[in-house]
Amino acid sequence: MSEAVTTSSDTLVELTDVRKSYFSGRIETPVLHGINLTMAAGDFVAIMGQSGSGKSTLMNILGCLDTPTKGEYRLAGHAVKSLNPAALAGLRNRTLGFVFQSFNLLKRMSVLDNVALPLLYARVPRAQARERAQAQLVKVGLGELGKRQPNQLSGGQQQRAAIARALVGDPPLVLADEPTGNLDTRTSTDIMNLLTTLNRDRGQSIILVTHEPDIAAYAKRLVRLKDGLVLYDGPAREGLAQMQSDLHFEAQSERAQDTSGQTQHNEVRA
Ligand SMILES: Nc1ncnc2c1ncn2[C@@H]1O[C@H](COP(=O)(O)OP(=O)(O)OP(=O)(O)O)[C@@H](O)[C@H]1O
Ligand SMILES: [Mg+2]
């Protein structure tokens, strides 16, 4: 039996005790301390956690842009670390689409050519790539704007173009690191509705990092990170409610500390 079929075909992502440290010379800074995460095709996961908790580090590993220091990552049934660079590039191209906070569209290229780019990397002939890119632009509501340069689009339109680029090769998994981080509320709602539709109607799996509970609420599942560990992994609704009560509790205990500080202070003064 080939290695590729040792996991269920529905399991898209499987992280087993994934650890990640950054090294500066011989100084090790551990960031991820043993992450276990399994994701089936069709899921929609929001990742939350304080700044520095390791969300982007985890996304880089999920996107095969970086490798774990320890532990195993299987993507679409493939043990990522066993792949040679060419096989890894192929797997990334077939399996993943990326959406970034800063859109990352290439400035000197038309919007249409930006969207066609992943197909050109996958050696699809140019005319066919452009045709598919145009169809994808229509799906995100930018059918008329393909000839423009990215800087001639609004922020929301640029993010739609970036989503079109992420989706043009029809990847089973879309990775989005704070895709609404640079957008206003109304445009964010638009983008989230678009992602939700893709997940529901096309079965595209999504992993999205956000700081905003309102954005995470679009997901089916919430994964909360704290100091490089999974603090919660379950239904988004319950997880968000729990998070709110945690924050409430923290605010209360901070207030209590402030008040007791105040009392002591007064006592000293008295
Ligand atoms: N290339 C790097 N070299 C060294 N340390 C790094 C590197 N990238 C990230 N770190 C450190 O790892 C920790 C986690 O960073 P990461 O970017 O994963 O956090 P994050 O949860 O995405 O935060 P944010 O919400 O601010 O984007 C931080 O302490 C950060 O300083
Ligand atoms: Mg980050």
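Which helix gives the most residues to the shell around ligand 1?

1. Basis of the note. This is a predicted model, in which local features need pLDDT of at least 70 and side-chain atom pairs count only at pLDDT 80 or more, while totals for chains, interfaces and linings use all residues. Residues are numbered from 1 along each chain as its sequence is written, and chains are lettered from A and ligands numbered from 1 in the order in which they are written.

2. The shell around ligand 1. H1 gives the most, with three residues; helices (H or I, at least four residues) and strands (E, at least two) are DSSP runs, numbered from the N terminus. Strand E2 (27-40) and helix H1 (55-62) each supply at least two residues of this shell. Ligand 1 is surrounded by residues including Tyr-22, Thr-29, Val-31, Gly-49, Lys-55, Ser-56 and Thr-57, where a residue is near a molecule if its C-beta atom, placed from the backbone, lies within 6 Å of it. Sorted by class, the shell has two nonpolar, eight polar and one charged residues; Ala, Val, Leu, Ile, Met, Phe, Trp, Tyr, Cys and Pro count as nonpolar, Asp, Glu, Lys and Arg as charged, and the others, Gly among them, as polar.

3. Helix H3 and its cover. Eight of the eleven residues of H3 are buried, so that the helix is mostly covered; a residue is buried if 20 or more other C-beta atoms lie within 10 Å of its own, exposed if 12 or fewer, and partly exposed in between, with C-beta atoms placed from the backbone. Among the buried residues are Val-111, Asp-113, Asn-114 and Pro-118. The cover over the buried residues of H3 includes helix H2 (85-95), helix H4 (126-139) and helix H5 (155-167). After H3 comes Arg-123, whose phi is positive, near 65 degrees.

4. Leu-112 as an example. Leu-112 has its place in helix H3 (residues 111-121), and it counts as buried because it has 20 C-beta neighbours inside 10 Å. Beyond its neighbours within four places in sequence, Leu-112 is in contact with Arg-130, Ala-133, Gln-134, Leu-137, Gly-146 and Lys-147, contact meaning that the C-beta atoms of two residues, placed from the backbone, lie within 7 Å.

5. The open sheet. Six strands form an open sheet in the order E6-E7-E8-E3-E9-E10, with mixed pairing; two strands pair if DSSP finds at least two bridges between them. Strand E6 (96-100) and E10 stand at the edges with a single partner strand each, so one side of each is left without a neighbour in the sheet. Within the sheet, strand E7 (residues 173-177) and strand E8 (residues 205-209) run parallel and are joined by five bridges, with Ala-176 standing opposite Leu-208 in E8.

6. The hairpin. Strand E9 (residues 221-226) and strand E10 (residues 229-235) pair in the antiparallel sense over six bridges, and Arg-224 stands opposite Tyr-232 in E10. E9 and E10 form a hairpin with two residues between them, and Asp-227 in the turn has a positive phi of about 45 degrees. Asp-227 counts as partly exposed because it has 14 C-beta neighbours inside 10 Å.

7. A backbone angle to check. Phe-103 is found in the loop between E6 and H3, and it has a positive phi of about 65 degrees although it is not a glycine. Phe-103 is buried, with 21 other C-beta atoms within 10 Å.
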